[in-house]
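Student: I've got a model open and I'd like to learn how to read its helices and pockets. Can you walk me through it?

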Amino acid sequence: MGFITSRLGSGKDSTGVKDTRTALEKAEDPRSGMSGTVVSVVQGLLDVGIDGRGRFSSAQRTGDAALAKHGGDRDKAVDEIIRDHLALAGASGFLTNLGGFAAMAVSMPANVFGFYVLATRMAASVAHVRGHDLTRPEVRSAVLLSLVGADAQDLLAKAGLVAPTGRLAGIASQQLPGPALMVVNKAVGFRILSQAGKGVFARFGKAVPLVGGAVGAGMDVWLLKQLADHVRTEFAPVG
């Protein structure tokens with residue numbers, strides 16, 4: 001997925017001045033440039049990545065299928081979910097086609113949007129298997145937060161929503177006001193758009209294993225694997 005070299009937006013406002021505000025500050029400002037695009041990106045990830053669309057199964061259905069296959073064993077079901085999504089990430093054509101769901105106003109290359117939809121379903125499926133209710137807004141926000149890796153804790157801290165357990169599952173278990181969750185969701189959208197074209201791997205504190213500058217399916221698999229490891233830790237079993 002060649003989004004390492006893409007540039008999504010210039011980071012400048014309508015006057016051409018570089019916007020140095022944080023993702024949270026932009027999300028809290030209804031006048032922020034690209035606000036409509038961010039809302040479209042977030043809504044697309046929730047609608048397709050969690051709820052499913054057409055032949056792309058919902059996260060709940062995906063999680064239930066994995067549980068049924070392994071006789072209710074949660075750990076094996078999680079392994080199955082991650083394995084399947086890594087295989088799909090390796091099919092670059094699949095990611096590009098998946099981006100076709102974004103017929104809305106999403107200013108992202110199809111394969112980039114497809115990657116994040118796939119990552120969203122993987123995270124949501126794991127959360128479901130671990131006992132989290134995907135219909136709850138807090139859980140859905142926690143799933144989105146998992147997409148930005150270590151940046152999630154910084155974003156939550158600035159929003160005054162630090163998870164009591166130090167994990168995203170802690171946010172998922174709380175009763176949080178809708179406006180606060182909406183701002184967090186938008187902040188995730190701003191962060192994804194701003195990071196998709198630069199430093200996307202720095203979120204996980206790891207070097208990028210490039211061989212001869214080749215960027216493609218292997219990179220998608222590598223990044224999704226980092227997200228998978230993060231999700232395993234963040235969404236602990238309920239009960």
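**Helices and a pocket**

Tutor: Start with α6: 19 of its 20 residues are buried, so α6 is largely enclosed by the rest of the structure. Buried means under 20% relative accessible area, exposed over 50%, partly exposed in between (1.4 Å probe, protein chains only). Helices (H or I, at least four residues) are DSSP runs, numbered from the N terminus. This is a predicted model, where local features need pLDDT of at least 70, side-chain atom pairs count only at pLDDT 80 or more, and totals for chains, interfaces and linings use all residues. Residues are numbered from 1 along each chain as its sequence is written, and side-chain values use heavy atoms, with hydrogens and water left out.

Student: What span does α6 reach from its first C-alpha to its last?

Tutor: Helix α6 (residues 110–129) reaches 28 Å, close to the 28 Å expected at 1.5 Å a residue; the expected span is 1.5 Å times one less than the number of residues. Just after α6, Gly131 takes a positive phi of about 100 degrees.

Student: Is α7 largely enclosed or open?

Tutor: Enclosed: nine of the 10 residues of α7 (residues 137–146) are buried, among them Arg140 and Ser141.

Student: Which residues line the second largest pocket?

Tutor: Rolling a probe the size of a water molecule over the atoms shows where empty space is left. Here the lining includes Val39, Pro137, Arg140, Ser141 and Met182. α10 (178–195) is one of the helices that supply at least two lining residues, and the largest share, five residues, comes from α10.

Methods
1 Å grid on protein atoms, 1.4 Å probe; cavity = no way out; pocket = protein on both sides within 12 Å on 5 of 7 lines; lining within 4 Å.
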